[in-house]
Amino acid sequence: MLFVKLPVRDLPAARAFYQALGFRVEENSSDDGEAAVVLGDEQVLSLQTRERFAALLTGEPGDPSSAPTAVHALTAGGRTEVDDLVSRAIAAGGRPGAPAREEEASYSRSFADPDGNVWEVVWIDHVHVVN
């Protein structure tokens with residue numbers, strides 16, 4: 001499994017944002033300092049208050065609202081799914097990211113969540129990749 005841990009300023013707002021994108025929060029693994037957002041069968045996004053996140057580090061946590069600390073990528077089943085997820089992210093309070101990129105075998109767009117964490121949504125045409 002893959003667990004991605006992100007610091008957030010407002011945990012209830014972050015939970016609501018990711019739920020608006022269609023992701024489920026696993027309540028049995030969540031509390032007032034952390035929300036476990038299920039991205040897929042083997043991927044969980046752990047949204048953590050800045051205090052909870054800071055306890056994992058020896059230094060200060062970065063602030064993605066001033067400069068990206070990482071780019072996280074999600075795959076989609078087609079171009080329409082890419083556009084739909086980015087549109088839902090923006091409607092839920094996210095910010096548009098870089099312009100769409102279209103290549104022979106892929107299409108991608110990006111957005112930032114309300115805390116500034118950057119997400120890229122990618123569709124890959126496996127027919128072109130395999131051949």
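**Entry 1: a salt bridge and its surroundings**

Does Glu26 count as buried, exposed or partly exposed? I looked it up in the model, which is a predicted one. Glu26 has 23% relative accessibility, so I put it down as partly exposed. The cut-off for buried is under 20%. Its salt-bridge partner is Arg24, and the closest N and O atoms are 2.7 Å apart. Arg24 is partly exposed too, with a relative accessible area of 46%.

**Entry 2: confidence**

I checked pLDDT before going on. The protein chain averages 92, and 96% of the residues score at least 70. Confidence is highest in α1, at 98. It is lowest in helix α4, residues 126-130, where the mean is 59.

**Entry 3: the other salt bridges**

How many salt bridges does a search of the whole structure find? I got ten.

I followed Arg52 next. Arg52 forms a salt bridge with Asp31, with the closest N and O atoms 3.2 Å apart. Asp31 sits in strand β2 (residues 24-31) and Arg52 in helix α2 (residues 50-54), so this pair links distant parts of the chain, 21 residues apart. I read 38% relative accessibility for Asp31, which counts as partly exposed. Arg52, at 29%, counts as partly exposed as well.

Arg52 also forms a salt bridge with Glu34, and here the closest N and O atoms are 3.2 Å apart. Glu34 belongs to strand β3 (residues 34-40) and Arg52 to helix α2, so the pair ties together parts 18 residues apart in sequence. Glu34 counts as buried, at 19% relative accessibility.

I noted one network besides. Salt bridges link Arg9, Asp63 and Asp115.

**Entry 4: aromatic pairs**

I turned to the rings. A pair of aromatic rings is described by the distance of the centres and the angle of the planes. Centres have to lie within 6.5 Å for a pair. By this rule I count three aromatic pairs.

Why is the pair of Phe17 and Phe111 tilted? The ring centres are 6.2 Å apart and the planes stand at 55 degrees, so I logged the pair as tilted. Phe17 is in helix α1 (residues 11-20) and Phe111 in strand β8 (residues 106-112), so the pair ties together parts 94 residues apart in sequence. Phe17 is buried, with a relative accessible area of 2%. Phe111 is buried at 1%.

Tyr18 and Trp119 came next. Their pair is edge-to-face, with 6.2 Å centre to centre and 70 degrees between the planes. Tyr18 lies in helix α1 and Trp119 in strand β9 (residues 118-124), so parts 101 residues apart in sequence are tied together. Tyr18 and Trp119 are both buried.

I then joined the pairs up. Phe17, Tyr18, Phe111 and Trp119 form a cluster linked by ring pairs.

**Entry 5: strand β9**

How many of the seven residues of β9 are buried? I found six, so the strand is largely enclosed by the rest of the structure.

I listed its neighbours. Strand β5 (residues 71-76) runs parallel to β9, and six bridges join them. Ala73 has Glu120 of β9 as its bridge partner. β8 pairs with β9 in the antiparallel sense, over seven bridges. Ser106 has Ile124 of β9 as its bridge partner. The hairpin of β8 and β9 has five residues between the strands. Gly116 in this hairpin takes a positive phi near 100 degrees.

**Entry 6: the nonpolar core**

In soluble globular proteins, nonpolar side chains tend to be buried together. I looked for the largest nonpolar core and found 25 residues in it. Tyr18, Leu21, Val37, Leu45, Leu47, Phe111 and Trp119 touch the most other members. The elements giving two or more residues to this core are β1 (2-8), α1, β3, β4 (43-49), β5, α3 (79-91), β8 and β9.

What does Leu47 touch, leaving out residues up to four places away in sequence? My list includes Leu6, Val8, Leu11, Ala14 and Tyr18. Glu34 is on the list as well.

How values were computed. Residues numbered from 1 in each chain as written. Predicted model: local features only at pLDDT ≥ 70, side-chain atom pairs only at ≥ 80, totals over all residues. Heavy atoms only, no water. Phe/Tyr/Trp six-rings, centres within 6.5 Å; stacked < 30°, edge-to-face > 60°. Helix = DSSP H or I, 4+ residues; strand = E, 2+ residues; numbered from the N terminus. Buried < 20%, exposed > 50% of the residue type's maximum accessible area, 1.4 Å probe, protein only. Salt bridge = Lys/Arg side-chain N within 4 Å of Asp/Glu carboxyl O. Pairing = 2+ DSSP bridges. Core = buried A, V, L, I, M, F, W, Y, C linked by side-chain atoms within 4.5 Å. Contact = heavy atoms within 4.5 Å. pLDDT = per-residue confidence, 0-100.
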